[in-house]
Structures are given as C-alpha cells and as structure tokens.
Amino acid sequence: VGQVVSTAKTDTTSTTSTSYVDVSGMTVAITPAATSSKVLVLVMAQGSLDDGGLSFKVIRDSADILIGDAASNRARGVFGGTSYLQSHMQSFNYSFLDSPSSTSEVIYKVQWLTQSAKTNYMNRASYDSDLVYYTRGASTITAMEILA
C-alpha cells in the first residue's frame with residue numbers, strides 16, 4: 001500500500017434531485033506514484049429515505065468507474081436501497097479496485113439521487129425528532145494506492 005487519503009462527513013445533507021449530484025464533503029483526491037498503481041476506493045455512507053428509493057455511485061474525475069446495467073426505468077448506480085422506515089438510517093458500503101493508469105491527480109466523488117422525487121438524507125434519519133434515540137451518523141470515503 002502506498003498513500004492513503006480519507007475524508008469523513010459528519011454533518012447532514014439532503015437531496016431531492018432525480019439526477020445524480022455530488023454529495024458535499026464526500027470527495028478525495030489522490031496522485032498515484034505510477035501508472036501501474038491501482039486505487040482501492042472504500043465508501044461507507046449513512047443514509048435515509050423519505051418514502052422512496054436512494055441510489056449512490058462513485059465517479060473518477062467525471063466518469064463512472066462502476067455502474068449497474070440499464071434495466072427499463074430503474075436507476076443505475078452501485079449501492080442504495082428502498083425504505084419506508086423513516087426513523088432509521090441505513091448503512092451503505094462500497095469497495096472497488098480502480099485502475100486509473102495515471103500519475104496525475106485523480107478525484108473520486110460520491111454522487112446520489114432520489115428515485116421518487118422525495119427527500120433523501122445523509123447522516124440522519126428522515127424523521128428527525130429531537131430525541132436521544134434518533135442518531136446522527138458519519139460517512140467516509142477512502143482511497144488507498146495499491147503499488148504494483
């Protein structure tokens with residue numbers, strides 16, 4: 001393993017976008033030492049849904065690095081889910097060994113969308129009453145250079 005870069009998002013955010021948008025604070029930049037290096041991208045995201053579906057994906061610079069196949073009207077992503085439990089957060093985990101073939105800075109970002117024009121939340125439950133058992137969460141993105 002060469003260098004490791006990571007960032008943690010501890011604040012909350014939300015989206016109502018039905019197109020993929022960046023999740024603020026879920027971006028890392030890494031500069032591989034050699035074109036033969038690989039980059040292991042790890043994401044742990046805490047999310048909740050306001051009665052609908054939530055999809056995430058990870059991009060390198062502006063390109064998809066892994067995405068599910070097209071299937072009719074279904075959102076194409078790499079992790080996500082559906083829920084009607086508005087008082088709970090779900091943990092979404094992702095890992096991918098990327099081959100950027102570059103010695104220039106590479107930027108990895110988490111993007112998300114709502115599948116039903118409802119509100120999706122990160123690091124909090126959809127129903128967010130000021131009670132001790134409504135947890136606030138934290139999410140992370142990590143990039144690890146794997147030397148050849």
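Q: How many helices and strands does the protein have?

A: Helices (H or I, at least four residues) and strands (E, at least two) are DSSP runs, numbered from the N terminus. The protein has 0 helices and 11 strands. This is a predicted model, in which local features need pLDDT of at least 70 and side-chain atom pairs count only at pLDDT 80 or more, while totals for chains, interfaces and linings use all residues. Residues are numbered from 1 along each chain as its sequence is written, and side-chain values use heavy atoms, with hydrogens and water left out.

Q: Which residues of the largest nonpolar core touch the most other members?

A: In soluble globular proteins, nonpolar side chains tend to be buried together. A nonpolar core is a set of buried (under 20% relative accessible area, 1.4 Å probe, protein chains only) Ala, Val, Leu, Ile, Met, Phe, Trp, Tyr and Cys residues joined through side-chain atoms within 4.5 Å. Here the largest core has 23 residues, and Val-43, Phe-56, Val-58, Phe-79, Tyr-108 and Val-110 touch the most other members. Strand S4 (38–49) is among the strands that each supply at least two residues; the largest share, 5 residues, comes from S4.

Q: Is Leu-131 buried or partly exposed?

A: Partly exposed lies between the buried limit and exposed, which is over 50%. Leu-131 counts as partly exposed because its relative accessibility is 39%. Leu-131 lies in the loop between strand S10 (120–122) and strand S11 (139–146).
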